[in-house]
Structures are given as structure tokens and as C-alpha cells.
Amino acid sequence: IRQTGTIIAIEWETGNDTSYLSGLRDQLYTYFLNKGIILRPLGNIIYILPPYVISNDDLTYIYETIKQALEEI
């Protein structure tokens with residue numbers, strides 16, 4: 001996990017397939033979209049760039065959904 005200001009990057013552990021072309025990208029994108037979150041993973045890396053006006057509840061929902069994805073995928 002890397003953070004600079006409000007930007008967070010989470011690198012998903014995938015074994016040998018760690019490039020931006022990782023097949024995990026499509027799976028994660030669909031998972032988050034189905035949960036009402038628009039995130040565009042770059043391969044096995046998720047970047048969270050929340051707007052400054054995001055509510056604490058919305059940000060908590062995003063973090064909790066990422067935790068769920070870690071357990072389910």
C-alpha cells in the first residue's frame with residue numbers, strides 16, 4: 001500500500017501475474033462496478049483518488065468494499 005496525500009495505491013498479490021495487463025483487472029473492475037463504485041484497476045493495482053468533497057460514509061463504504069473484495073476474490 002502506498003499513499004501520497006489523498007491518493008492511495010493498493011497492489012493486489014497475484015503471484016507471477018503482476019503487470020498492468022493482469023487478468024485480475026477485469027474481475028476487480030466488474031466487482032466494484034456491481035457494488036456502485038467506479039475504480040479502474042491497472043492490472044493488479046487499485047488507485048483510489050477520492051474527490052475532496054467525498055463524505056466519510058462514502059469513503060468508508062469504498063474501503064469496506066475493497067476489504068470484501070480481498071476476501072472474496
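This is a predicted model: local features need pLDDT of at least 70, side-chain atom pairs count only at pLDDT 80 or more; totals for chains, interfaces and linings use all residues.

Colleague: Why is the contact between Glu-11 and Arg-2 called a salt bridge?

Modeller: The closest N and O atoms of Glu-11 and Arg-2 are 3.5 Å apart. The criterion asks for a side-chain nitrogen within 4 Å of a carboxyl oxygen, so the pair qualifies.

Colleague: What makes Glu-11 and Arg-2 partly exposed?

Modeller: Glu-11 has a relative accessible area of 42%, and Arg-2 is likewise at 42%. Buried requires under 20% and exposed over 50%, so both residues are partly exposed.

Colleague: How do you know that Arg-25 and Asp-26 form a salt bridge?

Modeller: Their side chains meet at 2.9 Å, N to O, and the limit is 4 Å, so the label holds. Arg-25, with a relative accessible area of 25%, is partly exposed, as is Asp-26 with 48%.

Colleague: What makes Glu-64 and Lys-67 a salt bridge, and where do they lie?

Modeller: The N to O distance is 3.7 Å, which is within 4 Å, so the pair counts. Both residues lie in helix α2, three residues apart, about one turn of the helix.

Colleague: Which element gives the most to the lining of the largest pocket?

Modeller: That element is α2, with four residues. The pocket holds about 170 Å³ of space, and its lining includes Glu-11 and Lys-67.

Definitions and conventions:
Residues are numbered from 1 along each chain as its sequence is written. Side-chain values use heavy atoms; hydrogens and water are left out. On a 1 Å grid over the protein atoms alone, a cavity is a set of points where a 1.4 Å probe fits but cannot get out, and a pocket is an open set with protein on both sides within 12 Å along at least five of seven lines; lining residues have an atom within 4 Å of a point. Grid points are joined across faces, edges and corners, and a volume is the space filled by probe spheres set on the points. Helices (H or I, at least four residues) and strands (E, at least two) are DSSP runs, numbered from the N terminus. Buried means under 20% relative accessible area, exposed over 50%, partly exposed in between (1.4 Å probe, protein chains only).
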